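This report describes a single protein chain and is meant to be read beside its sequence and structure.

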Amino acid sequence: MDVTFAPLVDKDEEELVKFLTTNSFPFHRITAPSEELVRRLLLEGRFESDGVCTFWVFGGNHRLGLVILEDLGEECAYFDLRLVEEHRGEGKGVPVMQALSDKVFTDYPHLRRFAGRMREDNIAMRKTLLRSGFVKEAHLRQEWPLPNGRRLAELVYGRLRSDWEAGTVTGFEWEDLAAR
C-alpha cells in the first residue's frame, strides 16, 4: 500500500472538525471531541504551531486518518495517530508507521528519536509499533487517567534514527540493578 501525507491547511478546518467529531478514539485521552473543543484547539495551535505539524494520512485513494507530530524542534518528536474507524483492523497501521518514520527522519534530519505514547490496553497499536521497528522504552505505571478515576499505565515506544538508517531494531536490558 502506498502511504502519503498531505499537510493540514486552513481550508481543511471543516474537514478536521468533521473527522474528529464523527470518529471515536477510544484509546486517546479525549475519546469523542466536541465541535466546540476542536475549534478551540484549532485556535490554540494544537494542530499547527512551533514544533507541531498535522498531516492527513492517505493510503492509495482513501483518507486513512490524521497524524499530529509534536516536539519537532527537539531531538525526539512524538506522534498522535488517529485512523478513520472504518479502516481500523485492516492491517494498514504498519505501512502507515513505516511511511511516517521515513517522512519524519527524512524531513527532520536533526531528530534522533521518533516516539509515541499510549495506554497499556491499546494492544493493536502496540503490536503495530513493534512490527514497524519501534521498541518499548518506558512503562509508566498509573500514568494515564481514565474518566472513571482509574489509572492505566502509559507506555512509550520509540524508534532511533540509527536503527531506521540501518534497517535494524536494537533493544536494551530492561532489568535494573539489584536493590542491595
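## Salt bridges

The chain contains 16 salt bridges. The model is a predicted one, and the distances below are computed from its atoms.

Arg113 pairs with Glu137, and their closest N and O atoms are 2.0 Å apart. Since Arg113 belongs to strand 5 and Glu137 to strand 6 (residues 135-145), this pair ties together parts of the chain that lie 24 residues apart in sequence. Arg113 is buried, with a relative accessibility of 15%, whereas Glu137 is partly exposed at 25%.

Asp80 and Arg82 form another salt bridge, with 3.3 Å between the closest N and O atoms. Arg82 is buried at 11% relative accessibility, and Asp80 is likewise buried, at 9%. In the salt bridge of Asp121 with Arg119, the closest N and O atoms are 2.6 Å apart. Here Asp121 is partly exposed, at 31% relative accessibility, while Arg119 is buried at 10%. Salt bridges also link Glu13, Glu14, Glu35 and Arg39 into a network.

## Overall fold

The chain is built from five helices and seven strands. Read from the N terminus, their order is β-α-α-β-β-β-α-β-α-β-β-α. The radius of gyration is 17 Å, close to the 16 Å that the globule rule gives for 180 residues, so the chain is as compact as a globular protein of that length. The C-alpha trace spans about 55 × 40 × 35 Å along its principal axes.

Of the 180 residues, 45% count as buried. Among contacts with a separation of 6 or more, 60% are made by residues 24 or more positions apart. The accessible surface of the chain is about 10,400 Å², and carbon and sulfur atoms account for 50% of that area.

## Nonpolar cores

Which residues have the most contacts inside the largest nonpolar core? They are Val67, Leu69, Phe79, Leu81, Met97, Leu100 and Phe114, in a core of 29 residues. At least two residues of this core come from each of the following elements: strand 1 (3-7), strand 2 (53-59), strand 3 (62-70), strand 4 (76-83), helix 3 (93-107), strand 5 (113-119), helix 4 (123-131) and strand 7 (151-160). Helix 3 makes the greatest contribution, with six residues.

Val67 illustrates the packing. When residues up to four places away in sequence are left out, Val67 touches Phe5, Cys53, Thr54, Phe55, Val57, Phe79, Asp80, Leu81 and Leu100. A further core lies apart from the largest one and holds 15 residues, including Phe19, Leu41, Trp56 and Val84.

Ser101 is located in helix 3. Is Ser101 buried or exposed? Ser101 is buried, with a relative accessible area of 0%. Not counting residues up to four places away in sequence, Ser101 touches Phe114, Phe134, Arg159 and Trp164. Of these neighbours, Phe114 was named above among the residues with the most contacts inside the largest nonpolar core.

## Cysteines

A disulfide is a covalent bond between the sulfur atoms of two cysteines. The chain has zero disulfides. For Cys53 the closest cysteine sulfur is that of Cys76, and because the two are 16 Å apart, they are too far from each other for a bond. Cys76 is accordingly in no disulfide, the nearest cysteine sulfur being that of Cys53 at 16 Å.

Both residues lie under the 20% cut-off for burial: Cys53 is buried at 19% relative accessibility, and Cys76 is buried at 10%. Cys53 is also one of the residues that Val67 touches.

Definitions and conventions
Residues numbered from 1 in each chain as written. Predicted model: local features only at pLDDT ≥ 70, side-chain atom pairs only at ≥ 80, totals over all residues. Heavy atoms only, no water. Core = buried A, V, L, I, M, F, W, Y, C linked by side-chain atoms within 4.5 Å. Buried < 20%, exposed > 50% of the residue type's maximum accessible area, 1.4 Å probe, protein only. Helix = DSSP H or I, 4+ residues; strand = E, 2+ residues; numbered from the N terminus. Contact = heavy atoms within 4.5 Å. Salt bridge = Lys/Arg side-chain N within 4 Å of Asp/Glu carboxyl O. Rg over C-alpha atoms; globule rule 2.2 N^0.38 Å. Areas by Shrake-Rupley, 256 points an atom, 1.4 Å probe, with all protein chains shown as cover. Disulfide = S-S within 2.5 Å.
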